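Colleague: I would like to go through this model feature by feature. Please give the general idea each time, then the case at hand.

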Amino acid sequence: MAVCEETFLFLPAFGQAEQDWPNGLRIVLYMLGLMWIFVGVAIISDIFMNGIERICSQKKRVKNLKTGRTVTVMVWNATVANLTLMALGSSAPEIMLSVIEVLSNKFYVGDLGAGTIIGSAAFNLLMITAVSICALPDGEVRYIKDATVYAITATFSVFAYLWLLLILQVISPNVVEIWEGVITFLFFPVMLVMAFIADKGYFRLSGNDPAEFQDYNHIPDDVTKEELAEIEQQIREEHQNQISDDDVIHIMHQRFIGKPSRATYRHAAIAGGLGRKKSPMPGVFAEAGPGAVVEAELTYDAAATENEKHVEFGFGSTRYAFLENCKTAKLQLCRTGIADCGASVQVKTREGTAKNGDDYEHVDERVDFAVGEIEKTIEIKICDDVAYEEAEEFYVDLSDPQIQSPRARSTITISLMPEHAMATVVIIDDDHPGLLRFVEENMEVEESFEDKILLIPVERCRGASGIVGCSFYTEDASAVAGYDYLENKGDIKFQPAQQTAMISITIKPRGRYDRTSFFYLFITDPKNGAVFDEKTDGGEDKCVCHVTIKAALGKKETLDVMASKINWNKYSLGYSNWKNQFKSAIFPEAEEPEDGEEPEPISKWDWFVHFISMPWKLIFAVVPPVDYFNGWATFLTALAFIGLVTATVGDMANLVGCVLTLNPEITAITFVALGTSLPDTFASKRAAQAEPYADACVGNVTGSNAVNVFLGLGLPWMVASIYWACVNTTDAAYSTWMSNFLPGGIYHGVKDSMTPFAPNPVFVVPAGSLWFNLMVFSVNATVAIAVLYVRRKRIGGELGGPKKLQYVSAAFLVSQWLSYISLSSMWVTINAE
């Protein structure tokens, strides 16, 4: 029978009498108890995140000094919010467990804190990423948009654990000195500042974003205005001057992808000047345009050796771009080398995102070059339609080059240019669905004596092809939904050629006098190719309308007490929500049905889960709703509850480890780490499915892992190291500390490490098996990040892709996590014997 002699804060509930219970019964009860406490952790963590989201969603109106316009901006920078409040929200249980463990243990290091943080980091990076990779449908891909910030957080997430390994095993073995604790904690603001600077664009990694080529200014930095003007004129002439400025820029952008440097052109020019054979320079025909005359004087040198008698075929450019209405795409096919013989090559189109029959007509023909002929124009018919599509591409391949003259076949070799044997043809859609924006970004409305309907117009400009739409929703500012206006959200749709659509908002009478209040109306999620006007408030991601509610003109009274009326409305709404929190804790609520659907009845499983979680819900219902103090009341109260619950997690985990005769380090990296990370697993899976990018999933995992170390260990270790430095050798605490190094004491095995610090007390953190745990995780983390990098290069994103590849990637990451658990557990067991 296991006798648990650890020091506990709250448990066991029945005191030492539980030691006499059957061990099997205790195993079942403690395991069920641990799982039930994890339910409470999940519930209070979710409430905590609600408060954080409310805090981070605060907006303000500022004046742009450059444009003079007033725009809506977030109070919190997104990167700063993700690495501070959001990271704290997702990692609060682990961080609080580590902090409380040190503080409650009289500033001695605990058994679970460090192990839980490392185990949680391993689960987050390996298991959560594996789940997220497989969360997408077959073929769908998500990539990290802000790869520069991700590179910084990923680097810090590995460095943080290598730093722990360094200070515990190399710099000051088994001891955390003050400067080490301080620096560990200060790495957090360093990472935060670097990520913020990267977010502002001061760091730039080449090729860091698959969408990087969406930059329409992707033209060489040293291009002259004269060269640019020539390129523009050629493109306009190709399309009979019936082309807009935006289309010209789009074609330039597509053609200049991968444009070689000026040094490449210089090298080709020098080679020609020295009398060597002249090859078409990469990309030169992309500049000249498909209809331009190519000056490529290729002559046969009679004095050439047999090895120089060679013919090569290749496209003038590896990439072409055409508007959908151009009817015919013209590609330049060139040959270099010997020109006094006939030659031929097979030309064949191949589908990409553009499809044969729908977007272009298939070509599979042999092209003959007569004696002295060095250039041919390949024409491919482009199919035009009225439906909007993203830019699509297909490919044209060269194969089977042949010499036509029988006498020359034995003396002349022939081949394809390695880099120019395939050309990519981009079809740019010219059916513009249009830009969506508010007609007015700032609207004022006078309240009435009764409900008043405000119609807010959304216009569609610069194109009206096809059916498009977007979503809309209202958001509180000083005006509160339910009191000042009625919340509204939904979708609007524009039929072909329709220019305007209306959003209706109900304004409620509140008896305003001198004071005004306002709220926001957003349009988001454009559909069927429509985009938002990037010059409006909100930029290209959304459009914002600022609606101000004013008092009616007929009211003249000026009662000062009414100036605070709206603020009291907020508290009134908060009290209403507080009441609903207790109601929801007692009675289960069915999910809201979709429009036109019948609500589904509450299932037996829902009743069971509600019954299990009801005690926690009732306890946490006392947490103030997010309506109070813009979420700060929720944040602070929930944080206090998380501290209490995680303290109970520590007690229960120690009891589980005791009855199962598991080393506390094994308990930390398995049961505790798993339980505290499961809520993040489901949240990350939803984020992977709902978000257009992988930042909210993969990026946040690396950021949270780094924050776990810098806050979860840096903060308590810094405080503990300072505490022990302040303890005098005459204090009772010093005597107790010294007794731990005697035979049988918890620090007896590391007493030799104390020699450099004797006789002064220090904060002891035995490396024990912790260093091996750190080393294994660091290796696994490096490999996992490399896997994500390879996926980004191969399929264009960290998440998703073909289903088979999803499963292979996920299986590899899961195997890494299993190897981490197995190796760490084996090492702990071996060293404990």
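**Reading the sheets, a helix pair and the cysteines**

Modeller: An open sheet of four strands is ordered S19-S16-S14-S21, and its pairing is mixed. Strands here are DSSP runs of E with at least two residues, helices are runs of H or I with at least four residues, and both are numbered from the N terminus. The model is predicted: local features need pLDDT of at least 70 and side-chain atom pairs pLDDT 80 or more, while totals for chains, interfaces and linings use all residues. Residues are numbered from 1 along each chain as its sequence is written, and side-chain values use heavy atoms, leaving out hydrogens and water.

Colleague: Which are the edge strands of that sheet?

Modeller: Two strands pair if DSSP finds at least two bridges between them. Strand S19 (500–507) and strand S21 (531–532) each pair on one side only, which makes them the edge strands. Strand S14 (residues 435–438) pairs with strand S16 (residues 452–461) in the antiparallel sense, over four bridges. Leucine 435 is placed opposite cysteine 461 in S16.

Colleague: What is the order of the open sheet of five strands?

Modeller: The order is S6-S13-S11-S8-S9, with mixed pairing. Its edges are strand S6 (319–323) and strand S9 (364–369). On average, neighbouring strands of this sheet are turned by 25° against each other, direction ignored. Strand S8 (residues 343–350) runs antiparallel to S9, and six bridges join them. Valine 347 faces glutamate 365 in S9.

Colleague: At what angle do helix H1 and helix H12 pack?

Modeller: Axes are lines fitted to C-alpha atoms, for helices over the stretch in contact, and angles between N-to-C directions run from 0 to 180 degrees. Helix H1 (residues 23–56) and helix H12 (residues 632–659) pack at about 160°, with axes 8 Å apart. Angles under 35 degrees count as roughly parallel, over 145 as roughly antiparallel, 65 to 115 as roughly perpendicular and the rest as oblique. H1 and H12 are therefore roughly antiparallel.

Colleague: How many disulfides does a search of the whole structure find?

Modeller: A disulfide is a pair of cysteine sulfur atoms within 2.5 Å. The search finds zero. For cysteine 543, the closest cysteine sulfur is that of cysteine 470, at 8.2 Å, which is too far for a bond.

Colleague: Is cysteine 543 buried or exposed?

Modeller: Buried means under 20% relative accessible area, exposed over 50%, and partly exposed in between (1.4 Å probe, protein chains only). Cysteine 543 is buried, at 1%, whereas cysteine 726 counts as exposed, at 57%.
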